[in-house]
Amino acid sequence: MSALVKLADVSKFYGNIRALEEVSLEVHAGEITCVLGDNGAGKSTLIKIIAGLHRHDAGTFEIEDEEVRLGSPREALDRGIATVYQDLAVVPLMPVWRNFFLGSEPTKGTGPFKRLDVQLMRETTRSELHRMGIDLHDVDQPIGTLSGGQRQCVAIARAVHFGAKVLVLDEPTAALGVKQSGVVLKYVAAARDAGLGVVLITHNPHHAYLVGDRFVLLKRGAMAGSHAKSDIALDELTRQMAGGSELEQLSHELERAPVPDLIGGKPVEAPEDDRNA
C-alpha cells in the first residue's frame, strides 16, 4: 500500500542553521505516525514543511506518489493535509458551529439576499461531532467555554468533515491533564479508524505508545530512530527519546562526591544511609 505522505531525506536550513537534516517518514491511511523529540529537536520545522508553510531545501516530499513542493497551507489543504496547531486558531467568543466552519462558511440566497446558512452550519456541526462520538450540550455556546480537550476534539472533527486524508496534530495533549489527554487520544484513534493517516507530534512517549503505529525520533534536527510499534517496547522508546546514554552519563556526574568538612578541612564521606540508598 502506497503512503499518503512520504518524506525521504528531507532537510531544511535557515542560513547556516540546520533545522532539519535528512529526515524520512511515511504516513499511511488508517495509521498513526508519531514524531517524538524534545524541544529544539526539529518537530516544528517538520510540521511546517508538511503543512506547506515552509519549503524543504533537500530531499523529496511526496503526496500519494507525486513529488511536491508546497507553497502555502492552502495548497496542503487542497491536497488533503489538515494541520491542527497547539493554539488551535479559534475565535473564543464565537459559537462552536461558527468556529467549525470558520473560513469555509456555506451560504444561501443570491445577490443582495446572499447570507450565511446558519441552520445548516448548526445541524452539520452537531451531527459531525456526534458522528465522532463527541457529545456537546450546545453548539451555540462560545468555543472558549469548552475545555482544552474538547476544543482539540472539535478541531479533529472539523478536519475529518472537510475531507482531510492526512491529519497533522501539533502536541495536542501538551497542556492537558491526564483525563483530558485520554479524551483527545480517543478521538485521535477515531480519526485513524475513519481511514485518515495521522501524524502525531509529541514529546510524551507514553501518549504516543498508546495510539501510535510507527515512531520517528528526532534529536537536534536529525533522525535518532524509526520504529514500528511491534519492534520496540515503551521502556526502550522512552529511553531513546530521553537520550539513554546521555542520562547515564549525567547520572554518573551527579553521584554524590565526598562532602568537604568545613571545620577540619578534611573531606568526609556522605552518611552511610545515603551511600546505600
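This is a guided tour of one structure, stop by stop, with what to select and what is there.

The model is predicted, so local features need pLDDT of at least 70 and side-chain atom pairs count only at pLDDT 80 or more, while totals for chains, interfaces and linings use all residues. Residues are numbered from 1 along each chain as its sequence is written, and side-chain values use heavy atoms, with hydrogens and water left out.

**The whole chain**

Start with the protein chain in cartoon view. The secondary structure comes to 10 helices and 14 strands; helices (H or I, at least four residues) and strands (E, at least two) are DSSP runs, numbered from the N terminus. Of the 277 residues, 42% are buried, where buried means under 20% relative accessible area, exposed over 50% and partly exposed in between (1.4 Å probe, protein chains only). A contact means heavy atoms within 4.5 Å. Among contacts between residues at least 6 apart in sequence, 64% join residues at least 24 apart.

**Helix 5**

Select residues 148–161, which form helix 5. Its 14 residues should span 20 Å at 1.5 Å a residue, and its end C-alpha atoms are 20 Å apart, which agrees. The expected span is 1.5 Å times one less than the number of residues.

Is helix 5 enclosed or open? It is largely enclosed by the rest of the structure, because 10 of the 14 residues are buried. Among them are Gly-148, Gln-152, Ile-156 and Val-160. Now show strand 6 (81–84), helix 3 (96–100), helix 4 (118–131), strand 9 (166–170) and helix 6 (178–193): the buried residues of helix 5 pack against these elements. Helix 5 is followed by Gly-163, which has a positive phi, near 85°.

**Helix 5 with helix 4**

Show side chains for Thr-124, Glu-128, Leu-129 and Arg-131 in helix 4, which meet Val-154, Ala-157, Val-160 and His-161 in helix 5. By class, this contact has 4 nonpolar, 2 polar and 2 charged residues. Ala, Val, Leu, Ile, Met, Phe, Trp, Tyr, Cys and Pro count as nonpolar, Asp, Glu, Lys and Arg as charged, and the others, Gly among them, as polar.

**Helix 5 with helix 6**

On the helix 5 side, Gly-148, Gly-149, Gln-152, Cys-153, Ile-156 and Val-160 make the contact; on the helix 6 side, Gln-180, Val-183, Val-184, Tyr-187, Val-188 and Ala-191 do. This contact has 8 nonpolar, 4 polar and no charged residues.

Helix 6 itself has 16 residues and reaches 23 Å from its first C-alpha to its last, close to the 22 Å expected. Its buried residues include Ser-181, Leu-185, Ala-189 and Arg-192. What covers the buried residues includes strand 3 (32–36), helix 5, strand 9, strand 10 (197–202) and helix 7 (205–211). After helix 6 comes Gly-195, with a positive phi near 100°.

**An aromatic cluster**

Select Phe-100, Phe-101 and Phe-162, which form one aromatic cluster. Rings of Phe, Tyr and Trp (its six-membered ring) pair if their centres lie within 6.5 Å; planes under 30 degrees apart count as stacked, over 60 as edge-to-face and the rest as tilted. By this rule the count comes to 4 aromatic pairs. The rings of Phe-100 and Phe-162 have centres 6.4 Å apart and planes at 40°, so the pair is tilted. Phe-100 lies in helix 3 and Phe-162 in the loop between helix 5 and strand 9, so the pair ties together parts that are 62 residues apart in sequence.

Phe-100 is buried, with a relative accessible area of 0%, whereas Phe-162, at 36%, counts as partly exposed. The rings of Phe-101 and Phe-162 have centres 5.7 Å apart and planes at 80°, so this pair is edge-to-face. Phe-101 counts as buried at 5% relative accessibility.

**Gly-71**

Last, select Gly-71, in the loop between strand 5 (66–67) and helix 2 (73–78). At 40% relative accessibility, Gly-71 counts as partly exposed. Which residues does Gly-71 touch, not counting residues up to four places away in sequence? They are Gly-52 and Arg-55.
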